[in-house]
Amino acid sequence: MARVGIIMGSTSDWETMRHASETLDALGVAHETKVVSAHRTPQRLYDYASGAAERGLQVIVAGAGGAAHLPGMAASMTHLPVLGVPVESKALKGMDSLLSIVQMPGGIPVGTLAIGKAGAINAGLLAASILALGDEALSSRLQAWRERQTDSVAVDPA
């Protein structure tokens, strides 16, 4: 059963959001991926977010570009942690998405990550870290992943 839901506003966002999915795959975290547009499929968004906990999800990762309402709207409909990934836009290089996601009013939090691929990877890692608080096996896998990352950094530049 999926523990993390990865949602995005359109299929074009998959190029960014696949990195969250790949990170969760590498850590052995069951997840699902869906296209859920805050603007074009509002009923789908409502059904997804309001029923997420009931379906067993524990964290939602939401990627969106431009006006980027998806993470905030999802957060307003669930008590689950929502992690927002600003997807890079053509017009403003993702700054519009970042500013839209990060400006949530007090009381409706969205954990906002970096723009693009780095943000998607970190969203997967942060979702895993949240789940690892109550899952020793996942905590061990996450620690091993971090150790491999550390070990992969060269000591000498040449």
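A salt bridge here is a side-chain nitrogen of Lys or Arg within 4 Å of a carboxyl oxygen of Asp or Glu. I keep that beside me as I read this predicted model.

**Entry: salt bridges.** I searched the whole structure and found 4 salt bridges. I noted Arg55 as partly exposed, at 35% relative accessibility.

Entry: Which residues join into one network through shared partners? I found Glu15, Arg18 and Glu22. Arg18 meets Glu15 at 3.3 Å, N to O, and Glu22 at 2.8 Å. Glu15 and Arg18 are 3 residues apart in the helix, about one helical turn; Glu22 and Arg18 are 4 residues apart, again about one turn. I list Glu15 as exposed at 51%, Arg18 as partly exposed at 24% and Glu22 as partly exposed at 39%.

**Entry: strands.** I turned to β1 (residues 4-8) and β2 (residues 31-35), which run parallel and are joined by 5 bridges. Gly5 stands opposite Glu32 of β2. I followed the chain from β1 through helix α1 (residues 14-26) to β2 and noted a right-handed β-α-β crossover.

**Entry: largest pocket.** I noted about 250 Å³ of space in the largest pocket. Its lining has 20 residues, with Ser10, Asp13, Ala64, Gly65 and Gly66 nearest the centre. I sorted the lining into 7 nonpolar, 9 polar and 4 charged residues.

Methods:
Residues are numbered from 1 along each chain as its sequence is written. This is a predicted model: local features need pLDDT of at least 70, side-chain atom pairs count only at pLDDT 80 or more; totals for chains, interfaces and linings use all residues. Side-chain values use heavy atoms; hydrogens and water are left out. Two strands pair if DSSP finds at least two bridges between them. Helices (H or I, at least four residues) and strands (E, at least two) are DSSP runs, numbered from the N terminus. A crossover is right-handed if, with the strands pointing away from the viewer, the path from the first strand over the helix to the second runs clockwise. On a 1 Å grid over the protein atoms alone, a cavity is a set of points where a 1.4 Å probe fits but cannot get out, and a pocket is an open set with protein on both sides within 12 Å along at least five of seven lines; lining residues have an atom within 4 Å of a point. Grid points are joined across faces, edges and corners, and a volume is the space filled by probe spheres set on the points. Ala, Val, Leu, Ile, Met, Phe, Trp, Tyr, Cys and Pro count as nonpolar, Asp, Glu, Lys and Arg as charged, and the others, Gly among them, as polar. Buried means under 20% relative accessible area, exposed over 50%, partly exposed in between (1.4 Å probe, protein chains only).
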